[in-house]
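Student: I have a structure open and would like to learn how to read it. Can we go feature by feature?

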Amino acid sequence: MKSLVSIIIPCYNAEKWIGEAIESALRQTYSPIEIIVVDDGSTDNSLSAIKKYESKIKWITSENLGVSAARNKGIKISSGDFIQFIDADDYISPGKIQKQLDFLLTSNADIVYGDWCYQYQKSDDEYELSDVKIGEPVEDYIYYTLKNMIPHCSCLYRKIVVERVSGFDESLKIAEDYDFSFRLAFSGAKFAYQSGCHYFYRIHSSTTLSTGQGIKHPKFVELSLDKITALLEENYLLTEKYCYSLAKKYFFTAKNYLNFGELTMANTCYEKSLKLSKNGKFKPDGNSKFETTYRILGWQTILVITRLKAKFNMLKDHLGNFSLFFWIT
């Protein structure tokens, strides 16, 4: 008997896109599947859009508790041995589950992940696809998931390993998928890479799921990094390569705090980066304007520039046509 695959779609205020996400699940060449849509207290017409499919799907609705809680509700009521996630404003290719399940069973893996791409939404009917983001097979998946974001919707999971790590951390409103992938790798789950682009990650300006929230909410990114650092430290695994990867992520989280004028939080994050770098100063390996400025002028100078920017912006608000001559981006 063929295995049942559960497709779980959390939804919050995604009335424009939820139909396409559900349709991509219904178009799968593999069967049997069950489609579970969890409405996370939407305040738009998402629930009405979901109910149009109620003869073909299972759906539940609840108060707004966040995407992690919504996914966990879906996991709890699912009946399949395998799980596919789809965010409400994204979609998957028709052959994704068939191809990945065949590969997963052949490789005896717990999780198979593949390639993916962004879909930049210019308007409701006009979009542009990015280049395909290529994954790679590796040996150290703890390091790989620490260093890279593996989009959870690009994966197919054995339900048993998802339950082993208790699903998604509901205290993380952002970066929960990064935390999820890391904990799966740390638990010993076996990952396998299969080439092929099957997941399409929509980027747009509306308030749905895929809008670069990690940049907008650095506190949750910092919390996820704190969890990972503590877990590695408790298990004596803070080796040099792990430390550098974490230091780099703290460094750029500090930059994101600066963008919001949160100097105290930025400095705290930077201090964590220094502690992990173990050399008295974090040395980024990139060539962005921010990294170059940091290497030349140092962190304290960047803090001074940030304070000056805030003061100039206040003057601009009060005086009208007053322009800034420079700023680090």
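Student: Where does Ser-107 sit?

Tutor: Ser-107 lies in helix H4. Helices (H or I, at least four residues) and strands (E, at least two) are DSSP runs, numbered from the N terminus. This is a predicted model, where local features need pLDDT of at least 70, side-chain atom pairs count only at pLDDT 80 or more, and totals for chains, interfaces and linings use all residues. Residues are numbered from 1 along each chain as its sequence is written, and side-chain values use heavy atoms, with hydrogens and water left out.

Student: Is Ser-107 buried, partly exposed or exposed?

Tutor: Buried means under 20% relative accessible area, exposed over 50%, partly exposed in between (1.4 Å probe, protein chains only). Ser-107 has 23%, so it is partly exposed.

Student: Which residues does Ser-107 touch, leaving aside neighbours within four places in sequence?

Tutor: Contact means heavy atoms within 4.5 Å. By that rule, Ser-107 is in contact with Lys-190 and Ala-192. Ser-107 and Ala-192 are 85 residues apart in sequence, yet 7.4 Å apart in space, C-alpha to C-alpha.

Student: How many residues does H4 have, and what does it span?

Tutor: The expected span is 1.5 Å times one less than the number of residues. H4 (residues 96–107) has twelve residues and reaches 16 Å from first C-alpha to last, close to the 16 Å expected.

Student: Which residues of H4 are buried?

Tutor: They are Lys-96, Ile-97, Gln-100, Leu-101 and Leu-104. These residues cover an arc of only 105° around the axis, so they lie on the same side of H4. The arc is taken from the directions from the helix axis to the C-beta atoms. The buried residues pack against several strands, including E1 (5–11), E6 (111–121) and E9 (191–203).

Student: What follows H4?

Tutor: Asn-108 does, and its phi is positive, near 60°.

Student: How do I describe two packed helices?

Tutor: Give the angle between their axes and the distance between the axes. Axes are lines fitted to C-alpha atoms, for helices over the stretch in contact, and angles run from 0 to 180 degrees between N-to-C directions. Helix H10 (residues 240–259) and helix H12 (residues 289–297) pack at about 100°, with axes 12 Å apart. That makes H10 roughly perpendicular to H12; the label covers 65 to 115 degrees.

Student: Which residues of H10 and H12 make the contact?

Tutor: H10 gives Phe-251, Phe-252, Lys-255 and Leu-258, while H12 gives Phe-290, Glu-291 and Tyr-294.

Methods:
Angles under 35 degrees count as roughly parallel, over 145 as roughly antiparallel, 65 to 115 as roughly perpendicular and the rest as oblique.
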